[in-house]
Amino acid sequence: DLFDTSVSVTFQRFMTIVNAIVDTGARVVYLGTKPEPDTDDLHSKYRLYDEKIRVKAREMAAASSSQQAPPLVMIDVYPVFETIEETDPGVLYRNDDLHLSKLGYSYWNKWATTALADDIGVCIRWKE
């Protein structure tokens, strides 16, 4: 969506989906954007979009019962991937500089598994 749509509109669409899921009693685990080398022109939009989701995840957690896991959990991919790419360029992506490599997917898998296992809501935003 961010390729041809504003951050605000994309975020509104995201929240429509999140609210529909949360209304069923389920929670949402969101994997943040990733700084693909091939999409430099979108990175500023990615950072703004992820910031909107960070704020919304905190708001939703504050408004929910302390007896349940937060309704929206964010795995903050961008800053971690950015750091890894700075120290070891190209290791997270395939040769097309867009799709994740096996190592990139291994991070996603580890983080998603950890976040999904956190059914008591220890964390709203996973950063590492």
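Trainee: What separates Y107 and W111 in helix α4?
Mentor: Y107 and W111 are four residues apart in helix α4 (residues 102–117), so about one helical turn separates them. Helices here are DSSP runs of H or I with at least four residues, strands are runs of E with at least two, and both are numbered from the N terminus. The model is a predicted one, in which local features need pLDDT of at least 70 and side-chain atom pairs count only at pLDDT 80 or more, whereas totals for chains, interfaces and linings use all residues. Residues are numbered from 1 along each chain as its sequence is written, and side-chain values use heavy atoms, with hydrogens and water left out.

Trainee: What makes Y107 and W111 an aromatic pair that is tilted?
Mentor: Rings of Phe, Tyr and Trp (its six-membered ring) pair if their centres lie within 6.5 Å, and planes under 30 degrees apart count as stacked, over 60 as edge-to-face and the rest as tilted. For Y107 and W111 the values are 5.4 Å centre to centre and 40 degrees between the planes, hence a tilted pair. Together with F81 and Y93, these two residues form one aromatic cluster.

Trainee: Why is W111 called buried, and why is Y107 called partly exposed?
Mentor: Buried means under 20% relative accessible area, exposed over 50%, and partly exposed in between, with a 1.4 Å probe and protein chains only. W111 is buried because its relative accessibility is 8%, and Y107 is partly exposed because its relative accessible area is 26%.

Trainee: Which parts does the pair of Y30 and Y49 tie together?
Mentor: Y30 and Y49 form an edge-to-face pair, at 6.3 Å centre to centre with 80 degrees between the planes. Y30 lies in strand β1 and Y49 in helix α2, so the pair ties together parts that are 19 residues apart in sequence. Both Y30 and Y49 are buried.

Trainee: How do you know that E36 is buried, and what does its side chain join in a polar contact?
Mentor: E36, in the loop between β1 (28–31) and α2 (43–63), counts as buried because its relative accessibility is 7%. Its side chain is joined to that of Y46 by a polar contact of 3.0 Å; the term requires a pair of N or O atoms within 3.5 Å, and within protein one must be able to donate a hydrogen and the other to accept it, while residues adjacent in sequence count only if both atoms are side-chain atoms.
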